[in-house]
Amino acid sequence: MITERETRDAPPHRVGLWHVGVVVSTAPQTPTGRSIVLDVPGWGGNLAGQHADVRLTAPDGYQAVRSYSIASAGETDRVELAVDRFPDGEVSPYLVDDLAVGDQVELRGPLGGWFVWTPAQTEPVQLIGGGSGIVPLMAMIRSHADSASAAPFRLLYSLRSPGDAFFRSELETPTPGLDVTWLYTRGTPAGLPRAAGRITPDDLAASAFPPSISPAVFVCGPTGFVETVANALVALGHDPHRVKTERFGGA
Amino acid sequence: MPEPVDGNALAGPLSELFSADLTLATGRCLGCGDVSELARARVYPDPTGYVVRCSQCDDVLMVIVEEPDSVCLELRGMSWLKVPR
C-alpha cells in the first residue's frame with residue numbers, strides 16, 4: 001500500500017547509497033595530483049561544489065572511506081574527481097598512482113548542499129582556492145560557463161609554483177565573466193610583480209571583489225589556508241554569513 | 001589533535017541515517033547560543049567517528065561514534081536542530 005506521504009514528497013533515498021563507478025580516463029595535473037573521470041550509473045548528476053565519499057576495499061575486507069570534491073557539475077552520470085596525493089594517506093596514493101582505466105571504486109553522493117553554487121544565483125562570486133582546493137571551485141567555474149551565467153566570477157588561486165596548478169590550461173583559456181589571479185607561495189615566474197608568498201590581506205584587498213558589492217565567497221583549501229583567508233575576509237568587512245568554507249584537514 | 005574540517009564533511013556519514021541533508025540544518029549551541037548551519041561547525045575526525053564543535057565557542061555540539069553494527073549520535077551540545085524540508 002502506498003501512503004499519501006510517500007506519493008507526495010518522498011524522493012528515493014539514493015544519496016546514502018554506494019554506487020559502483022568505473023574509471024573512464026585519468027589525466028596528470030601536477031607532480032602529485034591527477035584528475036579521474038568515472039562513469040557512475042545511477043549517480044544522477046550533482047551541483048557545483050558538492051563532494052563524494054570514495055570507498056576502497058582491500059582483499060582482506062578492510063575498507064577505507066575518504067571525501068573528495070567533484071570538479072564537474074551537471075545532470076550526468078560522469079563524475080570528475082581531482083586528487084592530490086598525501087604521502088602517508090591510505091586512499092589518495094592509490095587513487096593518484098595505481099587506479100587504472102576500467103578499475104572500479106565505490107562512491108557515495110552527491111554530498112553536501114551548502115558549499116554549492118547554482119546558476120540561479122546572480123550576485124558576484126569570489127572564489128579563493130589553495131592548492132587542490134581549486135577542485136570544487138572548478139566545478140563552479142564550469143557550471144558558470146555551461147549556464148552562460150551573467151554573474152561576475154573572480155578566482156584567486158594560491159599554489160606553490162606554476163607546475164602545481166590543477167586545470168591550468170582550462171583556467172588560462174579566456175572565459176567571459178571570469179577573472180583569474182594566480183598567487184604563488186614558493187616559485188613565481190619571472191616578470192610577475194608579486195613576490196612569492198602566502199596569501200595576505202593585501203592580496204585580498206587588491207584582487208578580490210570588495211565587501212561593498214556583497215559577493216558570495218567560497219574558500220577551499222588546507223585548514224590553515226582557509227582560516228587565514230576567512231579571518232582576513234571578515235577583517236576586510238565581508239559578511240561572515242556570505243563566506244562559505246571547505247577545509248581539507250591534514251589527512 | 002588533528003586539524004578540523006567543516007561540517008560539510010558530515011554529509012556522507014549522516015546520509016546513512018537521514019534522508020535530509022543535515023549539513024543544511026541549523027542548530028543552536030547550548031554553550032553560547034550561536035545559531036549556525038551544521039555545515040559551519042568544526043569537525044574533528046577520529047578513528048571512532050567525529051567530534052563536532054561550535055565554530056564560535058568551541059563547545060562540543062555532537063559526537064558521532066561509528067561501530068560495525070550501529071552509529072551512536074550523542075547530541076549533548078545543541079538545544080535544537082532545525083532541518084529544512
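Modeller: A residue counts as buried if 20 or more other C-beta atoms, placed from the backbone, lie within 10 Å of its own, as exposed if 12 or fewer do, and as partly exposed in between. This is a predicted model, where local features need pLDDT of at least 70 and side-chain atom pairs 80 or more, while totals for chains, interfaces and linings use all residues. Residues are numbered from 1 along each chain as its sequence is written, with chains lettered from A and ligands numbered from 1 in the order written.

Biologist: Okay, which residues of H6(A) are buried?

Modeller: Helices (DSSP runs of H or I, at least four residues) and strands (E, at least two) are numbered from the N terminus. In H6(A), the buried ones are Phe225(A), Val226(A), Thr228(A), Val229(A), Ala232(A) and Leu233(A). Looking down the axis of H6(A), they fall within an arc of 165° (taken from the directions from the axis to the C-beta atoms), so they line one face of the helix.

Biologist: And what covers the buried residues of H6(A)?

Modeller: Contact means C-beta atoms, placed from the backbone, within 7 Å. The cover includes strands E7 (125-130), E8 (153-159), E10 (216-221) and E11 (243-247), plus helix H5 (201-207), of chain A.

Biologist: How many residues of chain A are in contact with chain B?

Modeller: 19 residues of chain A, in contact with 18 of chain B. On chain A's side, strand E6 (104-111) and E11 each supply at least two residues. The largest share, three residues, comes from E11(A).

Technical notes:
Two residues are in contact if their C-beta atoms, placed from the backbone, lie within 7 Å.
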